[in-house]
Amino acid sequence: MPKALSKSPSFAKRLVAWQKQHGRHDLPWQSSADPYRVWLSEIMLQQTQVVTVKAYYDKFLKRFPTVSALSSASLDEVLGLWSGLGYYSRAKNLHRCAQLVAHEHGGVFPNTKDALQTLPGIGPSTAAAIASLCFGKREAILDGNVKRVLTRLHGFGHDLSVAAHEKALWQIAQDVLPHQESDMPTYTQGMMDLGATLCTRSQPACERCPMQDICVAHHEGRASHYPVKSRKLKRSAQVMWLLFARCAKGAVWLQQRPTKGVWASLFTCPIFDSEEALLASLPKPLHNKLHFAPAFVHVLTHKDLHLHVAHLAMRTEQSLGDGGQWWGVQDWPNLGLPAPIRQLLLA
Ligand code: SF4
């Protein structure tokens with residue numbers, strides 16, 4: 001069996017050396033230790049691939065070069081720029097967090113994990129990432145990638161759905177940190193890089209891994225068995241009937257969603273629970289002009305949305321009810337729109 005990882009003095013040193021030579025160094029947010037930039041990238045990277053985040057990160061930084069600029073923007077503008085990245089609660093927390101940093105912290109991000117964690121949208125791992133990458137604090141990160149790396153290295157087969165087991169893994173993550181604070185930024189980046197580039201979910205590249213000789217999962221030939229998480233997300237389904245009205249000049253009729261629920265605060269076509277409710281919202285003479293497209297499914301994290309779209313071609317910009325308005329072709333692309341609605345409007 002490999003030597004127990006926590007007793008291997010070489011682990012942190014090896015990881016730091018490996019990161020310097022083989023880790024990623026060209027990600028746009030690595031060019032500075034500015035907490036605003038690191039925070040922005042960390043929030044975007046939650047649940048989103050690096051390749052997708054890059055474009056959004058550049059766009060955000062260009063429009064909001066500082067936390068103060070972001071705090072002064074309207075939520076609608078932030079949601080508009082975020083449009084397409086998904087998980088819109090992140091954008092709302094981003095905006096609230098920027099306002100708190102600007103107004104209650106003098107525009108300066110706190111430099112400890114504990115203080116960072118009090119801000120909206122910043123959980124323990126994101127707080128540790130900012131504290132270690134920007135301020136050299138000895139704080140361990142434990143996102144999905146790092147859980148995979150650490151459980152494999154240790155052969156940690158306990159179910160991470162159990163809070164006590166997750167807590168034990170946090171302790172392990174903390175125990176194996178480098179002793180020197182100056183190594184923390186490289187070490188944290190190294191953990192991220194190892195999980196993203198070698199110790200991947202399927203077919204990890206163990207032959208190139210600097211930890212091969214101390215990795216329990218590799219020794220067992222069972223990398224794919226880690227991490228163990230028995231509790232699966234409960235999925236549900238929802239049926240939505242969408243009224244997609246477009247007028248001759250290209251304007252579309254959109255409403256802003258309530259602040260809670262699916263697609264909260266985003267702009268969408270009017271949404272109804274049933275075909276009957278959709279028809280009831282329209283004057284009778286318009287019923288004959290509706291064209292129903294085949295239904296399709298849009299998958300969210302916890303839910304499958306079964307979307308039925310009724311197309312309505314209008315000659316003029318006549319009102320279609322309270323709470324909505326016509327948005328011209330120059331304006332609607334800047335709104336916060338859920339991905340399937342944007343695709344619908346672009347089709
Ligand atoms: Fe992951 Fe393989 Fe490296 Fe172990 S040896 S940490 S399973 S890549």
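Which residues do ring pairs link into a cluster? They are Y36, W39 and F109. This is a predicted model, and here's a quick tour of what turns up in it, from the overall build to the ligand site and the aromatic contacts. The protein has 347 residues, 46% of them buried, and its secondary structure comes to 14 helices and eight strands.

**Overall build**
- Along the principal axes, the C-alpha trace runs to about 80 × 45 × 35 Å.
- Helices number 14 and strands eight, with buried residues making up 46% of the protein.

**Around the ligand**
- As for where the ligand sits, the space it takes up is the largest cavity.

**Aromatic pairs**
- The tally of aromatic pairs is nine.
- One of them joins F60 and W82 edge-to-face, with 5.8 Å from centre to centre and 90 degrees between the planes.
- That pair bridges distant parts of the chain: F60 belongs to helix α3 (residues 50–63) and W82 to helix α5 (residues 75–82), 22 residues apart.
- Both partners, F60 and W82, are buried.
- W253 and W326 make another edge-to-face pair, this one at 5.5 Å centre to centre with 65 degrees between the planes.
- Here the partners come from strands: W253 is in β2 (residues 252–256) and W326 is in β8 (residues 324–327), so the pair ties together parts 73 residues apart in sequence.
- W253 and W326 are both buried too.
- Back to the opening question: the cluster held together by ring pairs takes in Y36, W39 and F109.

**A charge over a ring**
- K113 sits over the face of W170, 4.6 Å from the ring centre.

**A look at Q174**
- You'll find Q174 in helix α10, which covers residues 163–175.
- Is Q174 buried, exposed or partly exposed? Its relative accessibility is 26%, so Q174 counts as partly exposed; buried would need a value under 20%, and exposed one over 50%.
- Q174 and T118 are 56 residues apart along the chain, and 20 Å separates their C-alpha atoms.

Note on methods. Residues numbered from 1 in each chain as written. Predicted model: local features only at pLDDT ≥ 70, side-chain atom pairs only at ≥ 80, totals over all residues. Heavy atoms only, no water. 1 Å grid on protein atoms, 1.4 Å probe; cavity = no way out; pocket = protein on both sides within 12 Å on 5 of 7 lines; lining within 4 Å. Sits in = over half its atoms within 2 Å of the grid points. Phe/Tyr/Trp six-rings, centres within 6.5 Å; stacked < 30°, edge-to-face > 60°. Helix = DSSP H or I, 4+ residues; strand = E, 2+ residues; numbered from the N terminus. Buried < 20%, exposed > 50% of the residue type's maximum accessible area, 1.4 Å probe, protein only. Lys NZ or Arg CZ within 6 Å of the ring centre and 35° of its normal.
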